[in-house]
Amino acid sequence: MTARSAGPLTGRLRVPGDKSISHRALILGALAVGKSRISGLLEGEDVLNTGTAMAALGARVERRRDGVWEIFGVGVGGFREPAAALDFGNSGTGCRLVMGAVAGCPIVASFDGDASLRKRPMKRILDPIALIGARAVAMAEGGRLPLTLAGARDPIPIVYRTPVASAQIKSAVLLAGLAAPGATTVIESEASRDHTELMLRHFGAQLVSAAEGPHGRKITLQGQPELAAAPVVVPADPSSAAFPMVAALIAAGSDVILTGVMTNPLRTGLIATLREMGASIETLDTRSDAGESMADFRVRASALHGVEVPAARAPSMIDEYPVLAVAAAFAEGTTVMRGLQELRVKESDRLAATADMLRQNGVEVEIAGDDLIVHGKGRVPGGGLVATHMDHRLAMSALVMGIGAAAPVRVDDAGFIATSFPGFADLMRALGADIS
Ligand code: S3P
């Protein structure tokens, strides 16, 4: 796929539903008693794979003709043994959260995924769920997929300090702890996205979240709750809105409105950073639903300047660094993004791949330890072919770069965009972008 510069972007856009919330709505719907209705579910491949896994574990998962999804849950601890391996495709979130949910049930289940997911670390989940009583009875080298888990017969409530700021680790422990008697506690030194906590409460669990140190949280869940089916309205995904947002900032004369974007403060690091860089991003309307807040944003093309992005902000914008690096390339001056070690274990090694994407298009960039440093010149030559390494966010970031660059930018494979943002190219074209 190729993106070329083609005048300003204008119009209104609602990006698809939030990926994190969509996975969680399917999993908690499957663990609740009764019928949960989910509207605005992200129908991307990652989330659809989680839905298929929930059906294989015994929940009834149906899509109504009006696009609402209905989940008939089995109750906490009620998963049945799946007949075949659960295939999570490209999705670390789906795989790791379901590993946690299975860990608390007395069943054996196998987990697999595509070549990208097979490279990603699963030991970070296997370690805490072993303390709860689940065992990996088979796995590939280094604790990777494909692997087979034997869930705990008598799950043990634990206190667990996460070794890295990761909502996936935290969520896996909490989901396993649902089946344990007594309180399961997760302590994180840097707060990560809290959608699991908010949605557990929404489904009726008792959960307390308190500050821990300057940036952390301590979350305590009372085990064996009776989760009751609940409606979920999924807001638009801020990690998807990031792409048209940066595109509008860098394409001269653009004026775009993004509607219904989730504004959970643990997800808005990119907006804060872009505003520090001089971006015109106006909040038009705010509201909330099921514990999550959302807003409409008006984004206008802006002259950006380089900034320093502190490591402490990384958890709130962990998926947004590739597209922030694109914004930084169009800014005047140097942008330093600190503390990006977790980017090395995403859908690709995103630290190396983001630097390569910029270099291929004539941007000066360095990796220093775990920091990414982009020397912005206010304009990007473009003209490069970007290797996307089975990574949806790299593909979209490169195409956004092409919208503002002097020469077209090509990506080797746009297929993975459908994992998180189905319809990306059509929606961008509707704003006036030239992507083909
Ligand atoms: C996610 C958590 C993040 C993020 C991923 C979605 C989630 O991963 O990168 O896209 O929904 O919990 P980590 O928790 O591993 O940082």
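The axes of helix H8 (residues 238-250) and helix H9 (residues 269-276) approach each other to within 11 Å and cross at roughly 10°. H8 is therefore roughly parallel to H9, since angles under 35 degrees fall in that class. On the H8 side the contact is formed by Ala242, Met245, Val246 and Leu249, and on the H9 side by Leu270, Ile271 and Leu274. Of the residues in this contact between H8 and H9, seven are nonpolar, none is polar and none is charged. In an α-helix there are 3.6 residues a turn, so residues three or four places apart point the same way. The model described here is a predicted one.

Ser254 lies in the loop that runs between H8 and strand S15 (255-262). The relative accessibility of Ser254 is 3%, and Ser254 therefore counts as buried, the limit for this class being under 20%. The side chain of Ser254 reaches the backbone nitrogen of Leu9 at a distance of 2.8 Å. When residues up to four places away in sequence are left aside, Ser254 touches Pro8, Leu9, Ala248, Val299, Arg300 and Ala301.

The buried residues of H6 include Ala167, Ile169, Ala172, Val173, Leu174, Leu175 and Ala176. Gln168, Lys170, Ser171 and Gly177 are also among the buried residues of this helix. The N-terminal end of H6 is capped by Ser166, which places a side-chain oxygen 3.2 Å from the backbone nitrogen of Gln168.

The cysteines were examined for disulfide bonds, and the count came to zero. A disulfide requires a pair of cysteine sulfur atoms within 2.5 Å. For Cys95, the closest cysteine sulfur is that of Cys105, at 15 Å, which is too far for a bond. For Cys105, the closest cysteine sulfur is in turn that of Cys95, again at 15 Å and too far for a bond.

Note on methods:
Residues numbered from 1 in each chain as written. Predicted model: local features only at pLDDT ≥ 70, side-chain atom pairs only at ≥ 80, totals over all residues. Heavy atoms only, no water. Axes fitted to C-alpha atoms, helices over the stretch in contact; angles between N-to-C directions. Helix = DSSP H or I, 4+ residues; strand = E, 2+ residues; numbered from the N terminus. Parallel < 35°, antiparallel > 145°, perpendicular 65-115°, else oblique. Contact = heavy atoms within 4.5 Å. Nonpolar A, V, L, I, M, F, W, Y, C, P; charged D, E, K, R; others polar. Buried < 20%, exposed > 50% of the residue type's maximum accessible area, 1.4 Å probe, protein only. Polar contact = N/O pair within 3.5 Å; in protein donor to acceptor, adjacent residues only side chain to side chain.
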